[in-house]
Amino acid sequence: MSDDEHGLGFMLVVILGGLIFGFGLALSNMARPEVVIDFLQFDDFGLVFVMGGAAVVTGTVFALAELFGDKAPLTGARYGRRLKSFDKNVVVGGVIFGVGWGISGICPGAAYASIGVGNYPILIAIGGMFAGAYLQGLWRARRADSAARGTSAD
Amino acid sequence: MTGLTPLLVDSLFPNGIAHYALGGLLIGLGTAIIYLGTGIIAGASTFLESTLSYVSDLPRFNKAKYVTSRDWRVVFTLSIIAGAAIYTVTLGDGWWVSDVQPWRFAVGGVLVGIGTRIGKGCTSGHGVCGVGSRSRTSFVNVATFMLVAIGVAQLLQAMGVSP
């Protein structure tokens, strides 16, 4: 059922949103890891305006949709905050992500956009991100497995 | 031409502010359009796990939320690439290639992949969508990765790693 429930209108909205999102990432130079590294080294604080500008738009639209909207027309999903629960993983993951971001200057969305500006070496980083996502999935699966089997295993 | 303000602006923002702010507004607009149409808050990093479900049998990557969303997430990511390419050939100043050393991309990429998945989001999921939703979880995550990334980048700079 997964594939057919997303109709043409749904995909067109995703494409339009993705195009504008990627256009914005390229315009703001976030697709250039050097610019992100410049921010982290306090050479250029422009990134504050990128994140701030984006959060102002999403914050405004999310709040207005919740106040005056009802359901999303293409899915029937109700507008409302979708808050992720807080636990120590939020901090642990933030630290690991922060080390990676500080080393490379790349994050997922900006890395995809980086392909679009012609930055082919970014494929190394994207390959690394898939490897990292796979490793943590494997590790979590193993841990869940061994927890289920109890301490007697191995 | 006197006064501290223009001087400060120049030193804090040597490349100006306009394209940063305008780019940020568009990033938010792209997210907002998808949200208004579908109710989905589209973070960029879930693409990693949902795409792994095409090639891995691991149950972790084949949860319903990944399998049912993997098709549009591929479309979303390809559209991000296309949007950046459209900027590059229209308003941009041509194709561009980074000078950052490949080992930084490799090591950083792996850690980013692990970290976003353990931390439940990335710069777009937490930084743009979560902060926009006034989520305390996202504020904590963003503050954490900002501070750590600044420390790491400054350390590398002090060690003479460039670019």
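This is a predicted model: local features need pLDDT of at least 70, side-chain atom pairs count only at pLDDT 80 or more; totals for chains, interfaces and linings use all residues.
Colleague: Where do I start with chain A? How many helices and strands are there in chain A?

Modeller: Start with the elements. Chain A has six helices and zero strands. From the N terminus on, they run α-α-α-α-α-α.

Colleague: What does the radius of gyration of chain A tell me?

Modeller: For 154 residues the rule gives 15 Å, but chain A comes to 19 Å, well over that, so chain A is more spread out than a compact globule. The C-alpha trace of chain A spans about 55 × 45 × 30 Å along its principal axes. Of the 154 residues, 52% count as buried.

Colleague: Now the contact between the chains. How many residues does it take from chain A and from chain B?

Modeller: Chain A gives 109 residues and chain B gives 112 residues. The area buried between the two chains is about 10100 Å². Carbon and sulfur atoms give 74% of that area. Look for A:Phe21, A:Phe62 and A:Tyr112: they supply 8% of what chain A buries against chain B, more than any other three residues.

Colleague: What about polar contacts between chain A and chain B?

Modeller: The count is 31 residue pairs, both residues at pLDDT 80 or more.

Colleague: Which helix gives the most to the side of chain A that touches chain B?

Modeller: H1(A), with 17 residues. By class, that side of chain A has 67 nonpolar, 31 polar and eleven charged residues.

Colleague: How should I read a salt bridge?

Modeller: Begin with charge. Side chains of opposite charge can pair when their charged atoms come close. Between chain A and chain B the count is two salt bridges. In one, B:Asp93 pairs with A:Arg32, with the closest N and O atoms 3.3 Å apart. B:Asp93 sits in the loop between helix H5 and helix H6 of chain B, and A:Arg32 in the loop between H1 and H2 of chain A.

Colleague: Is B:Asp93 buried or exposed?

Modeller: B:Asp93 counts as exposed because its relative accessibility is 68%, and exposed means over 50%.

Colleague: Which residue of chain A does B:Lys120 pair with?

Modeller: A:Asp87, with the closest N and O atoms 2.9 Å apart. A:Asp87 counts as partly exposed, at 28% relative accessibility.

Colleague: What does B:Arg117 pair with?

Modeller: B:Glu49, at 2.5 Å from N to O. This pair links distant parts of the chain: B:Arg117 lies in helix H6 of chain B and B:Glu49 in helix H3, 68 residues apart. Both B:Arg117 and B:Glu49 are buried.

Methods: Residues are numbered from 1 along each chain as its sequence is written. Chains are lettered from A and ligands numbered from 1 in the order in which they are written. Side-chain values use heavy atoms; hydrogens and water are left out. Contact means heavy atoms within 4.5 Å. Buried area is the accessible area (1.4 Å probe) that two parts lose on being put together, summed over both. A salt bridge is a side-chain nitrogen of Lys or Arg within 4 Å of a carboxyl oxygen of Asp or Glu. A polar contact is a pair of N or O atoms within 3.5 Å; within protein, one must be able to donate a hydrogen and the other to accept it, and residues adjacent in sequence count only if both atoms are side-chain atoms. Helices (H or I, at least four residues) and strands (E, at least two) are DSSP runs, numbered from the N terminus. Ala, Val, Leu, Ile, Met, Phe, Trp, Tyr, Cys and Pro count as nonpolar, Asp, Glu, Lys and Arg as charged, and the others, Gly among them, as polar. The radius of gyration is taken over C-alpha atoms; the globule rule is 2.2 Å times the number of residues to the power 0.38. Buried means under 20% relative accessible area, exposed over 50%, partly exposed in between (1.4 Å probe, protein chains only).
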